[in-house]
Amino acid sequence: KQWYQRRVRGVLRGNKKGMIDLTRPFSSTDPRLGVAVKEVDPRIHFALNCGSKGCPPIRVYSADKLDSQLTRATKSFLVSGGCEVDGESRRVSLSPILKWYSSDFGKTEGDMLKWICRFIGATEKGRLLQELVDTKQYRIVWQGYDWGLNH
């Protein structure tokens with residue numbers, strides 16, 4: 001798991017620290033910095049899989065279709081349980097993946113919710129979420145995470 005996390009933070013997250021890290025994954029002289037992304041694409045969090053049931057489904061990606069595949073994986077994860085919206089209680093229930101990597105989705109919770117709306121906006125859930133965001137009348141709760149092995 002540590003190997004996986006260091007690669008994610010170091011290469012795919014532009015050498016950002018994780019929420020429990022004291023230092024960046026790579027030092028300033030680490031040759032892996034040469035392959036680290038300059039700008040983080042938060043959609044990667046819905047394509048990477050650590051093998052637990054709480055992770056996004058395992059998929060195969062191709063370089064020539066990567067952009068559309070990342071968009072599809074993001075939307076699929078969010079609409080199939082990664083984001084639940086209860087309009088009556090104004091509660092937005094989110095996967096902890098969004099909490100763990102929150103800085104990748106914006107500076108505030110509102111930014112994060114707006115980012116989510118970009119992917120689920122055409123759905124009933126998306127319209128309801130957009131209404132809550134527009135009125136700033138929401139409460140975020142974090143879902144549990146299933147660390148069980150995804151066979």
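Ring pairs join Phe46, Phe77, Phe105, Trp115 and Phe119 into a cluster. Here, rings of Phe, Tyr and Trp (for Trp, its six-membered ring) pair if their centres lie within 6.5 Å; planes under 30 degrees apart are stacked, over 60 edge-to-face, and the rest tilted. Before going on, keep in mind that this is a predicted model, where local features need pLDDT of at least 70 and side-chain atom pairs count only at pLDDT 80 or more, while totals for chains, interfaces and linings use all residues. Residues are numbered from 1 along each chain as its sequence is written, and side-chain values use heavy atoms, leaving out hydrogens and water.

Back to the rings. The structure holds eight aromatic pairs. A pair of aromatic rings is described by the distance of the centres and the angle of the planes. Take Phe46 and Phe105: their ring centres are 6.0 Å apart and their planes stand at 50°, so this pair is tilted. Phe46 sits in the loop between α1 and α2, and Phe105 in the loop between α3 (96-100) and α4 (109-120), so the pair ties together parts that are 59 residues apart in sequence. A word on those labels: helices (H or I, at least four residues) and strands (E, at least two) are DSSP runs, numbered from the N terminus.

The cut-offs are simple: buried means under 20% relative accessible area, exposed over 50%, and partly exposed in between (1.4 Å probe, protein chains only).

Phe105 also pairs with Trp115, with ring centres 4.8 Å apart and planes at 70°, so that pair is edge-to-face. Phe105 belongs to the loop between α3 and α4 while Trp115 is in helix α4, so the pair ties together parts that are 10 residues apart in sequence. Trp115 is buried, and so is Phe105.

Two packed helices are described by the angle between their axes and the distance between the axes. For α2 and α4, the angle is about 105° and the axes are 9 Å apart. That makes α2 roughly perpendicular to α4. Axes are lines fitted to C-alpha atoms, for helices over the stretch in contact, and angles run from 0 to 180 degrees between N-to-C directions. Angles under 35 degrees count as roughly parallel, over 145 as roughly antiparallel, 65 to 115 as roughly perpendicular and the rest as oblique.

Which residues of α2 and α4 make the contact? From α2 come Thr71, Thr74, Lys75, Leu78 and Val79, and from α4 come Trp115, Ile116, Phe119 and Ile120, where contact means heavy atoms within 4.5 Å. Sorted by class, the contact of α2 with α4 has six nonpolar, two polar and one charged residues. In this sorting, Ala, Val, Leu, Ile, Met, Phe, Trp, Tyr, Cys and Pro are nonpolar, Asp, Glu, Lys and Arg are charged, and the others, Gly among them, are polar.

Now for the charged pairs. How many salt bridges does a search of the whole structure find? The search finds seven, a salt bridge being a side-chain nitrogen of Lys or Arg within 4 Å of a carboxyl oxygen of Asp or Glu. In one of them, Asp104 pairs with Lys16, and the closest N and O atoms are 2.7 Å apart. Asp104 lies in the loop between α3 and α4 and Lys16 in the loop between α1 and α2, so the pair ties together parts that are 88 residues apart in sequence. Asp104 is buried at 9% relative accessible area, whereas Lys16 counts as partly exposed at 24% relative accessibility.

Another salt bridge joins the side chains of Lys125 and Glu84 (3.7 Å, N to O). Since Lys125 is in helix α5 and Glu84 in strand β1 (residues 83-86), the pair ties together parts that are 41 residues apart in sequence. Lys125 is buried, with a relative accessible area of 16%, while Glu84 is partly exposed at 36%. Salt bridges that share partners also link Arg13, Lys16 and Asp104 into one network.

Last, have a look at the backbone of Asn15, which has a positive phi of about 65° although it is not a glycine. Asn15 lies in the loop between α1 (2-12) and α2 (66-82) and counts as buried, at 7% relative accessibility.
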